[in-house]
Amino acid sequence: MPPSPHPPHRNGNHVPAPSGESFAKFYECWISEQSRDLAALRSAASAATNPAAPPDDAELRRLVDRVLGHYEHYYRTKSAAASTDVLRMFSPSWTSTTENLYLWCGGWRPTAALHLLYSKSGAQLETQLPVFLAGGGLGTGDLGDLSAEQLQAADQLQRITISKEREIENTAANAQESLATVKMVELAGGGGMDAEGMEMEMRSKADGMRRVLEMADGLRMETMREVVALLRPSQAVHFLIAAAELHLAVHEFGRRKDGDGAASPPPA
C-alpha cells in the first residue's frame with residue numbers, strides 16, 4: 001500500500017511540515033535507523049540458520065513489519081517536506097552526487113526492487129550449489145529457495161510495476177513540458193520578466209511535480225510491500241537486508257567520493 005500523504009500525528013495534531021533543512025537532518029537520523037534495522041535483520045537471519053532452534057515465523061514477520069513501518073515513516077515525512085519545498089526533493093543536498101545520478105522521479109526506480117530480488121536470489125542460490133551437487137538438499141530459507149510460484153508472482157509484479165512507472169513518466173513529461181507554454185513565453189519576453197507573474201506560474205508548475213513525487217513515492221512503497229508479501233518471513237528478512245546493504249553502501253561510497261572531490265585541487 002502507498003504511504004499516507006499526511007505527516008504522522010502527535011497528540012492528535014498534525015506535525016508541522018518540515019523544511020528542506022530539517023528534512024536533511026531527518027534523513028541523517030533515518031540513515032542511522034536503517035543501520036540499526038540492518039543489524040537486527042542480520043541477527044535474525046543468522047539465528048534462523050541454527051538447526052537446533054527453528055526460526056519463529058511470527059517473530060520474523062514482526063521484525064519485517066517494523067522495518068517496513070520505518071520506510072513508511074520516511075515517505076510520510078518526505079511528503080510533508082515536499083508540501084512546502086518540492087524543489088529540494090528533486091535535487092536533494094542530503095544525498096551524494098553519485099546517488100543523485102541514479103534518481104528516478106525523486107528516488108529509486110520501483111522496478112529496481114525486483115531486480116534486487118532476482119540478483120540476491122541468484123547469488124544465494126549459487127552459494128547453495130556446492131552442497132546440492134555433493135548430494136545435500138536445498139532449503140536454507142533464504143532467497144535462493146524461491147519457488148516457481150514465487151518467481152511467477154515476481155514476474156507479474158514486475159510487469160505491473162513497469163506499467164505504473166510509465167504512467168508516472170508520462171505525468172512527469174506533461175509537467176516538464178508545461179514550462180514552455182504560451183503563458184510562460186509571455187512572462188519571459190517583452191523586454192523584461194514579469195517577476196510576480198512568473199512566481200505564480202512556477203508555483204503552479206511545482207504543484208505538478210509534487211504530484212509526480214507523490215505518485216513515485218507511493219509506487220516505491222507499494223512495490224516494496226508487494227515484494228515482501230510474496231516471500232516467506234525468512235526470505236523477506238534476506239530481501240530487506242539486501243535493500244539496506246545496497247542503499248547504505250551506495251550512500252557511503254557517494255559521500256566518500258564527494259569528499260575526495262572536494263579535497264582534490266582543481267586541474268591546472
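Okay, let's start with helix α6. Its buried residues are Gln 150, Ala 154, Leu 157, Gln 158, Thr 161, Glu 165, Ile 168, Ala 172 and Ala 175. Keep in mind that this is a predicted model. As for the helix itself, α6 covers residues 148-177, which makes 30 residues. From first C-alpha to last, α6 reaches 43 Å, close to the 44 Å you'd expect at 1.5 Å a residue.

While we're on buried residues, have a look at Glu 201. This one sits in helix α8, residues 195-229. Is Glu 201 buried or exposed? Its relative accessibility is 18%, and the cut-off for buried is under 20%, so Glu 201 counts as buried. And what does Glu 201 touch, once you leave aside its neighbours within four places in sequence? The contacts are Thr 181, Lys 183, Met 184 and Leu 187.

Searching the whole structure turns up nine aromatic pairs. Let me take you through a couple of them. Phe 23 and Tyr 74 have ring centres 6.0 Å apart and planes at 45°, so that pair is tilted. Phe 23 belongs to helix α1 and Tyr 74 to helix α2, so this pair ties together parts that are 51 residues apart in sequence. Both Phe 23 and Tyr 74 are buried.

Now, Tyr 74 also pairs with Phe 26, and that pair is stacked, with 6.3 Å centre to centre and 15° between the planes. Here again we go from helix α1, where Phe 26 lies, to helix α2 with Tyr 74, so the pair ties together parts 48 residues apart in sequence. Phe 26 and Tyr 74 are both buried.

If you zoom out, ring pairs link Phe 23, Phe 26, Tyr 27, Trp 30, Tyr 71, Tyr 74, Tyr 75 and Trp 94 into a cluster.

Last stop, the cavity. The count comes to one cavity of 30 Å³ or more. The largest cavity has a volume of about 70 Å³. So who lines it?

The largest share, six residues, comes from α1. By class, the lining has seven nonpolar, two polar and two charged residues.

That's my tour, thanks everyone.

Conventions: Residues are numbered from 1 along each chain as its sequence is written. This is a predicted model: local features need pLDDT of at least 70, side-chain atom pairs count only at pLDDT 80 or more; totals for chains, interfaces and linings use all residues. Side-chain values use heavy atoms; hydrogens and water are left out. Helices (H or I, at least four residues) and strands (E, at least two) are DSSP runs, numbered from the N terminus. Buried means under 20% relative accessible area, exposed over 50%, partly exposed in between (1.4 Å probe, protein chains only). Contact means heavy atoms within 4.5 Å. The expected span of a helix is 1.5 Å times one less than its number of residues. On a 1 Å grid over the protein atoms alone, a cavity is a set of points where a 1.4 Å probe fits but cannot get out, and a pocket is an open set with protein on both sides within 12 Å along at least five of seven lines; lining residues have an atom within 4 Å of a point. Grid points are joined across faces, edges and corners, and a volume is the space filled by probe spheres set on the points. Ala, Val, Leu, Ile, Met, Phe, Trp, Tyr, Cys and Pro count as nonpolar, Asp, Glu, Lys and Arg as charged, and the others, Gly among them, as polar. Rings of Phe, Tyr and Trp (its six-membered ring) pair if their centres lie within 6.5 Å; planes under 30 degrees apart count as stacked, over 60 as edge-to-face and the rest as tilted.
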